[in-house]
Amino acid sequence: MSVLAGSSWLLFAFITLHWPDLNDWGRGSEFSHAAILFGAALILAAGLGAVSERGAARLRRSTPWLLALGLFFSLWQAATAKFGLLPQPFFPPPHAILEVFLDDYPKLVESVIASIKLELFGFSLGACAGFVVGVLLGWSRGFGYWAHPIMRFIGPLPSIAWLPIAFFAFPSSWSASIFLIALTTGFPVAVLTWSGVASVNSAYYDVARTLGASPAFLVFKVAIPAALPQVFVGLFMGLGASFAVLVTAEMMGVKAGLGFYLQWAQGWASYANMYAALIVMSVMCSSMITLLFKARDRVLSYKKAEVQW
């Protein structure tokens, strides 16, 4: 199977190198040479599979995807750069996207840094605020009496609906975007934390009170630890939703970040740049979710994780 996967990448390299392009796209030779090395490495790994059983098992799990990707790149290359079956410039060939990564990487790196700053500030603020509000809702009836109706009114509204008000109320589009991301993150974290605290078995509190526990001990040592699985569910929901708000805010008002880069590329019909930004955005989002999963696995090490990323 690894031989087939390697052959698919060699086929992609052959199509790229030995078939003339309809238009002038750069970096085709670099991409094809990298594909040759990768395909040869897969074929070599198939022959050396018996050397490392662990490595061979990992390769066997990845081989179907590697084969599918090699065939996909071959078809993509043929349909765009060689035969022009897909309309241009909406569907650039794969080496045109590689050209963006190699030639426009300073602007991409700058955009990634700006997006990460905005996302981390907004997500951290919203997660902390949502966590505090959720604990208070689950613990204090007086706080819940006043806060619950407000949450029922504000929470279900899409955060993007607050965009005009946020840009008017805050001194800069950057601070307004942080508010919108925090609002998007805070609502699911608050609701799930509230649910976790409210669903703690009352027997835990009775046992702790019997042993002389103070109200602060009941909150920090009983309620919050028991609610942590629900808290992480809220964090995952908030992180996913906050990315949609992040991109929209950058496209609407913030003059930096991947959303701004995406809009700039679309405005200039630079669709290769647009697809490159989408790839970077996907990698960034997936990486942050992976880090959050690792944090959950460490904090909840006593609880077997049924879902992995």
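Student: Why is D21 called partly exposed?

Tutor: The relative accessible area of D21 is 30%, and the term covers everything between buried (under 20% relative accessible area) and exposed (over 50%), as found with a 1.4 Å probe on protein chains only. Since 30% falls in between, D21 is partly exposed. This is a predicted model, in which local features need pLDDT of at least 70 and side-chain atom pairs count only at pLDDT 80 or more, while totals for chains, interfaces and linings use all residues. Residues are numbered from 1 along each chain as its sequence is written, and side-chain values use heavy atoms, with hydrogens and water left out.

Student: What makes D21 and K82 a salt bridge?

Tutor: A salt bridge requires a side-chain nitrogen of Lys or Arg within 4 Å of a carboxyl oxygen of Asp or Glu. For D21 and K82 the closest N and O atoms are 2.4 Å apart, so the pair meets the rule. The two residues lie 61 residues apart and link distant parts of the chain, with D21 in the loop between α1 (2-18) and α2 (28-47) and K82 in helix α3 (residues 53-82). Helices here are DSSP runs of H or I with at least four residues, strands are runs of E with at least two, and both are numbered from the N terminus.

Student: How many salt bridges does the rule give?

Tutor: The count comes to 3, and one of them joins the side chains of D297 and R296, at 2.8 Å from N to O. In that pair D297 is partly exposed at 29%, while R296 is buried at 13%.

Student: Why is H95 called buried?

Tutor: H95, which is found in helix α4 (residues 94-103), has a relative accessibility of 0% and so counts as buried. Leaving aside neighbours within four places in sequence, H95 is in contact (heavy atoms within 4.5 Å) with several residues, including D21, W25, R27 and F31.

Student: How do you know where I160 stands, and is I160 buried or partly exposed?

Tutor: I160 has a relative accessibility of 32% and therefore counts as partly exposed. I160 sits in the loop between α6 (141-154) and α7 (163-169) and, apart from neighbours within four places in sequence, is in contact with V245 and T248.

Student: Why is the protein called more spread out than a compact globule?

Tutor: The secondary structure comes to 12 helices and 0 strands. The radius of gyration, taken over C-alpha atoms, is set against a globule rule of 2.2 Å times the number of residues to the power 0.38. That rule gives 19 Å for 309 residues, and the value for the protein is 25 Å, well over it, so the protein is more spread out than a compact globule. Its C-alpha atoms fill a box of roughly 80 × 55 × 30 Å, taken along the principal axes, and 40% of the 309 residues count as buried.
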